[in-house]
Amino acid sequence: MGGNTLLEFRMLGFDIKLDTSWLLIAALITWSLATRWFPSVLPDYSQMSHWLLGALGALGFFTSILLHEMGHSVVARNYGIPIRGITLFIFGGVAELDHNPQTPKQEFMVAAAGPLVSFLLGLLFFGLGGMVQSAELSAPFAAHAGIPLAAVFRYLFIINIILAIFNLVPAFPLDGGRIFRAFLWKGLKDYGKATRWAAKTGMFFAYALMAWGAWDIFLGNYISGLWSFFIAMFLHNAAKASARHYPKK
Ligand SMILES: [Zn+2]
């Protein structure tokens, strides 16, 4: 990623790096949870508790992205592909594989593992939220910790389902684009051509997301608009770079 590493640790045999740029997204998530989400779902709670819950939500978001990348990494490692490391940075996470998957099936399995983990996490948080809420209603916790905790779980349920769906959009280099490339690769029996086609859909999606971001900014939603715009630029550049690796012969 070329940035500065803020923190580095090992987990399940993987090198996990936290890029300094991650701080910005952590701050943004905490801020938007503390000033919008929690005040609207927990209006009776103090501003202080909104900020604490916001930080807890950001931590849960971080863990969710990490587990998503772990999903890709564990499957890749099972296929004998060494993992250089997992980096969490401003636009999410990336598992750096030492080399590309060797067959369409490998590519499909490695790509699908991340969204599958996010989807399962979504279900888990949905279940936890329901459990905590009903436990609170039947036997209120001493400090009424159940209701705010349920709100954090509900946020993490929504965010993981969004992560699963967004990543499944068939726009390379998103996971869905990799799944799309796996099918093209199997059908065309030409990895280079499959990559060029998948990259084209990726660039098309990036333009659509840019337009969406611009529209959002026009409506006055500056942060989310700029966010969409920057993610789109990042995706566009990554798709273009991958296509350039496999020029038409
Ligand atoms: Zn992924």
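Modeller: Relative accessible area sorts residues into buried (under 20%), exposed (over 50%) and partly exposed in between, with a 1.4 Å probe and protein chains only. The model is predicted, so local features need pLDDT of at least 70 and side-chain atom pairs pLDDT 80 or more, whereas totals for chains, interfaces and linings use all residues. Residues are numbered from 1 along each chain, and side-chain values use heavy atoms, without hydrogens or water.

The structure holds 3 salt bridges (a Lys or Arg side-chain nitrogen within 4 Å of an Asp or Glu carboxyl oxygen). In one of them the side chain of Asp15 meets that of Arg10, with N to O at 3.0 Å. Asp15 is partly exposed, its relative accessible area being 28%, while Arg10, at 55% relative accessibility, counts as exposed. Between these two positions lies the loop that joins β1 (5–11) to β2 (14–19), and Leu12 sits in that loop. Leu12 is itself exposed, at 59% relative accessibility, yet it touches Met70 and Arg77, leaving aside residues up to four places away in sequence (contact means heavy atoms within 4.5 Å). The C-alpha atoms of Leu12 and Met70 are 8.8 Å apart, although 58 residues separate them along the chain.

Another salt bridge joins Asp98 to Arg84, whose closest N and O atoms are 3.2 Å apart. Asp98 belongs to the loop between β4 (92–97) and α3 (104–138) and Arg84 to strand β3 (residues 83–89), so this pair ties together parts 14 residues apart in sequence (helices, H or I, of at least four residues and strands, E, of at least two are DSSP runs numbered from the N terminus). Both partners are partly exposed, Asp98 with a relative accessible area of 39% and Arg84 at 48%.

Arg181 and Glu107 form a further salt bridge, with their closest N and O atoms 2.7 Å apart. Arg181 lies in helix α5 and Glu107 in helix α3, so the pair ties together parts that are 74 residues apart in sequence, and both residues are buried.

Like Arg181 and Glu107, both His68 and Asp175 are buried.
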